[in-house]
Amino acid sequence: MQTELIKLEQYKERLKFLEENSFEAITVYDSNLICIDTNFQSTNLFQYTRDEIIGMNGLDFFEASSRQTAINSVEAKNNMPYEALMRRKDGSIFPGLIQGSTIVLKGKKIRVSTCRDISDYKKIEREAEKNRDELETIFNNSQVGIVMLKGDRTIQRGNLAVAKIFGFDSPEEIVGKSIREFHLKDSDFIKFGKFYDTVLHKNETIKIDYKFKKKDGSVIWASLSGSVVDKNTPPDFDKGVVWILDDITSRKETEEKLLNLTRVDYLTGISNRRYFMELGNREIGVQKRYKQTLSLLMLDIDNFKKVYDTYGHSCGDRSIQFVCDLCKKNIRENDILGRLGGEEFAIILLNADHEKAFSIAERIRTELEEASSSNSHSIPPLTISIGLKSIDGESLETALDKVDKLLYKAKMNGKNQTCSE
């Protein structure tokens, strides 16, 4: 366990935002589901101290009947949220909404899990089903937003929580407004209505995450749960549709940051190898469908080991960043740039034939040689070798193997040149 804690210190800066930016209970586990880090919200939710939580098995937080559900989610590598019964230190049970994601940091697999006490949500759902007459009490006291729509999706009633979600000071300000005002685009309002009205007509409950805009135009994420008041099939929509909303913008931002850790190269900010392959294979699929032209470049900084040995790692890192910035400067926004590892980069040029791709490759090569020799960028003189080929029906993996051989040929022919097929 001490070894695990020492290793985790290497990742503290990357995981720091879990403490600073989240309002949810977050726990970090190693590959054996042993807790190696947690935040204040987690200690508050489960009533343990931080020292008590670290070292616990993650399954100890689950009530016995829910442990298999948690195991299944981990084994399936599923990052979808699921509900489970959770146990606090004092033995009390509460329903939780769990979401976990396995990520790799410097070759180490860790699982980051969030837990939210959804007792209030469950209570609201039960109360609404039992007796619609109690809706007034729920409206006035709920900590989540509740709104009733009637007619052409006009707000008939809303509580204070939903008014605040949309940026208003009181529920009275939103009564009579069309929900159309809170969709990002008019086309979104129309599409939402066509699809979800069909589901509601079947008297089914809708549960989704959805983007809205507030009074000031800013965008928020909301968790939505909607159902019709009339329980007949088909229901009478004139009796209203009740929507329960919760602002989950912070959670979505945290999810995005976690996702970026698995996609973005930490040094350069561009796609890492895994995400480059994902984007590239997607574009090859588009190429096959629409018969577009793709060109692939593989670039490698010449004699880079000498840069590290002579000038140190800091200078080496600056050199890699400089090459990356130069590549971004010479390609279009839709082109795909990735760091494959070390001093090696790859670029997929969209709608670029061999002649155009060769021109871009040579421009990058010559600009690097000239700029790095000017002694004005805090880097030593650098050159790169480049392999280039058009992608013509083969997989990205096959194309990379072929262009790697061309890069090797450029190296063998004296370096600082572009070798193409």
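# Cavity lining, aromatic contacts and selected residues

The lining of the largest cavity comprises 15 nonpolar, seven polar and one charged residues by class. The structure described here is a predicted model.

## Cavities

Three cavities of 30 Å³ or more are found when the whole structure is searched. The volume of the largest cavity is about 220 Å³. Its lining is made up of 23 residues, and those closest to the cavity centre are Tyr29, Phe62, Tyr82, Ile98 and Ser113. Two or more lining residues come from each of strand S1 (25–29), helix H5 (67–75), strand S3 (82–87), S4 and strand S5 (108–117).

Helix H5, one of the elements that contribute to this lining, also contains Ala70. With a relative accessibility of 4%, Ala70 counts as buried. The C-alpha atoms of Ala70 and Glu83 are 9.4 Å apart, while 13 residues separate the two along the chain.

## Aromatic pairs and the aromatic cluster

The model holds 10 aromatic pairs. In one of them, the ring centres of Phe46 and Phe94 are 5.9 Å apart and the ring planes stand at 50°, so the pair is classed as tilted. Phe46 belongs to helix H3 (residues 40–46) and Phe94 to strand S4 (residues 93–105), so the pair ties together parts that lie 48 residues apart in sequence. Phe46 is buried, at 3% relative accessibility, and Phe94 is likewise buried, with a relative accessible area of 2%. Strand S4 is also among the elements that give two or more residues to the lining of the largest cavity.

One aromatic cluster is formed by Phe166, Phe168, Phe182, Phe192, Tyr210, Phe212 and Trp243.

## Charged groups over rings

The charged end of Arg153 sits over the ring of Phe189, at 3.8 Å from the ring centre. Lys252 lies over the face of Trp221, and the distance to the ring centre is 4.5 Å.

## Cysteines

The count of disulfides is zero. Cys35 takes part in no disulfide, and the nearest cysteine sulfur to it, that of Cys115, is 13 Å away. For Cys115, the closest cysteine sulfur is that of Cys35, and the separation of 13 Å is too far for a bond. A disulfide would require the two sulfur atoms to lie within 2.5 Å. Cys35 is buried, with a relative accessible area of 0%, and Cys115 is buried as well, with a value of 7%.

## Residues with positive phi

Most residues other than glycine have a negative phi. Gln47 has a phi near 70°, a positive value in a residue other than glycine. Gln47 is located in the loop between H3 and helix H4 (50–53). With a relative accessible area of 40%, Gln47 is partly exposed.

Asn351 also has a positive phi, near 50°, and is a residue other than glycine. The loop that holds Asn351 runs between strand S13 (344–350) and helix H14 (354–372). Asn351 counts as partly exposed, at 47% relative accessibility.

## The loop between S9 and S10

Pro235 lies in the loop between strand S9 (219–228) and strand S10 (241–247), and Lys231 is found in the loop between S9 and S10 as well. Pro235 is buried, with a relative accessible area of 7%, whereas Lys231 is exposed, with a relative accessible area of 53%. The corresponding cut-offs are under 20% for buried and over 50% for exposed.

| Residue pair | Separation in sequence | C-alpha separation |
|---|---|---|
| Ala70 and Glu83 | 13 residues | 9.4 Å |
| Pro235 and Gly193 | 42 residues | 16 Å |
| Lys231 and Ser250 | 19 residues | 34 Å |

Notes:
Residues are numbered from 1 along each chain as its sequence is written. This is a predicted model: local features need pLDDT of at least 70, side-chain atom pairs count only at pLDDT 80 or more; totals for chains, interfaces and linings use all residues. Side-chain values use heavy atoms; hydrogens and water are left out. Rings of Phe, Tyr and Trp (its six-membered ring) pair if their centres lie within 6.5 Å; planes under 30 degrees apart count as stacked, over 60 as edge-to-face and the rest as tilted. Helices (H or I, at least four residues) and strands (E, at least two) are DSSP runs, numbered from the N terminus. Buried means under 20% relative accessible area, exposed over 50%, partly exposed in between (1.4 Å probe, protein chains only). A charge sits over a ring if NZ of Lys or CZ of Arg is within 6 Å of the ring centre and within 35 degrees of the ring normal. On a 1 Å grid over the protein atoms alone, a cavity is a set of points where a 1.4 Å probe fits but cannot get out, and a pocket is an open set with protein on both sides within 12 Å along at least five of seven lines; lining residues have an atom within 4 Å of a point. Grid points are joined across faces, edges and corners, and a volume is the space filled by probe spheres set on the points. Ala, Val, Leu, Ile, Met, Phe, Trp, Tyr, Cys and Pro count as nonpolar, Asp, Glu, Lys and Arg as charged, and the others, Gly among them, as polar.
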